[in-house]
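Here are a few notes to read alongside the structure. Have it open and follow the points in order.

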Amino acid sequence: MVTVSNLLLFATGYIVWSLTEYCLHRWGGHHRACKGRVFHNAHTKHHRDPDFFESTAMKLTLGLLLSSLVALPLSFAVGAVGAAALVIGFSAGQCTYEIIHRRIHTHAPIGWMGRALRRHHLYHHFGNPDLNHGVITRFWDRVFGTFEPVQQVKVPRKMALRWMVDERGSLAPRFADEYTLR
């Protein structure tokens with residue numbers, strides 16, 4: 001049953017995912033204490049090769065498994081339907097992240113938000129990996145003081161993403177205001 005409280009629980013689950021994404025990325029992907037761990041290693045590989053992505057199916061399965069484990073205790077606090085709304089919101093956030101993150105690397109930006117999120121994330125890759133950890137939102141970067149406004153990203157020529165270059169391998173003119181190749 002769709003109620004206002006269940007919609008709020010769904011939104012809460014989505015917001016909790018966005019915070020989880022930020023924390024996993026900032027501390028799990030970049031903190032020295034996590035070196036050698038599976039997530040850190042995969043994240044480091046992604047930074048070295050922006051076309052590398054761990055299996056989406058594996059990540060979504062792990063997320064669903066973890067969400068299912070917390071669903072039972074949550075159901076005592078907010079009821080079975082409320083717990084389902086939270087888990088579905090969290091899972092929707094994770095799916096949104098997977099889609100947006102992959103598209104940032106594989107497709108040209110669409111609209112002002114797509115362009116802003118790409119600059120934000122690609123600055124993290126090519127400018128300063130200690131900043132701009134959020135992928136689906138820049139909100140948590142602002143909260144935790146890791147937000148860097150970005151107008152232009154300098155991309156190493158050898159790491160230029162396929163969507164940003166023309167058939168000669170030069171930066172496509174339509175991206176010249178937001179990116180440079182070095």
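1. Start with Arg162 and Asp51: in this predicted model they form a salt bridge, with the closest N and O atoms 3.2 Å apart. Arg162 sits in the loop between β1 (153-155) and β2 (179-181) and Asp51 in the loop between α2 and α3, so the pair ties together parts that are 111 residues apart in sequence. Arg162 counts as exposed, at 64% relative accessibility, while Asp51 is partly exposed at 39%.

2. Next, have a look at Glu178. Its side chain meets Arg119 in a salt bridge (2.2 Å, N to O). That links distant parts of the chain, since Glu178 is in the loop between β1 and β2 and Arg119 is in helix α4, 59 residues apart. Glu178 is buried, at 9% relative accessibility, and Arg119 is buried too, at 14%.

3. Glu178 also has a salt bridge with Arg115 (3.6 Å, N to O). Arg115 is partly exposed, with a relative accessible area of 36%. Put together, Arg115, Arg119 and Glu178 make a network of salt bridges. The total count of salt bridges is 5.

4. Now the largest pocket, which holds about 630 Å³ of space. Its lining has 25 residues, and Trp17, Leu24, Phe39, Lys59 and Glu98 are the closest to its centre. Helix α3 gives the most to this lining, with 10 residues. By type, the lining splits into 13 nonpolar, 8 polar and 4 charged residues.

5. Last, the surface: Met58, Leu62, Leu65, Leu66, Leu69 and Val70 form a nonpolar patch with about 560 Å² of accessible area together. Leu65, one of them, belongs to helix α3 and counts as partly exposed at 49% relative accessibility.

Note on methods. Residues are numbered from 1 along each chain as its sequence is written. This is a predicted model: local features need pLDDT of at least 70, side-chain atom pairs count only at pLDDT 80 or more; totals for chains, interfaces and linings use all residues. Side-chain values use heavy atoms; hydrogens and water are left out. On a 1 Å grid over the protein atoms alone, a cavity is a set of points where a 1.4 Å probe fits but cannot get out, and a pocket is an open set with protein on both sides within 12 Å along at least five of seven lines; lining residues have an atom within 4 Å of a point. Grid points are joined across faces, edges and corners, and a volume is the space filled by probe spheres set on the points. Helices (H or I, at least four residues) and strands (E, at least two) are DSSP runs, numbered from the N terminus. Ala, Val, Leu, Ile, Met, Phe, Trp, Tyr, Cys and Pro count as nonpolar, Asp, Glu, Lys and Arg as charged, and the others, Gly among them, as polar. Patches are made of residues with over 30% relative accessible area and no salt bridge: like charges are joined within 9 Å, nonpolar side chains (Val, Leu, Ile, Met, Phe, Trp, Tyr) within 5 Å. Accessible areas come from the Shrake-Rupley method with a 1.4 Å probe; for residues, only the protein chains shown count as cover. A salt bridge is a side-chain nitrogen of Lys or Arg within 4 Å of a carboxyl oxygen of Asp or Glu. Buried means under 20% relative accessible area, exposed over 50%, partly exposed in between (1.4 Å probe, protein chains only).
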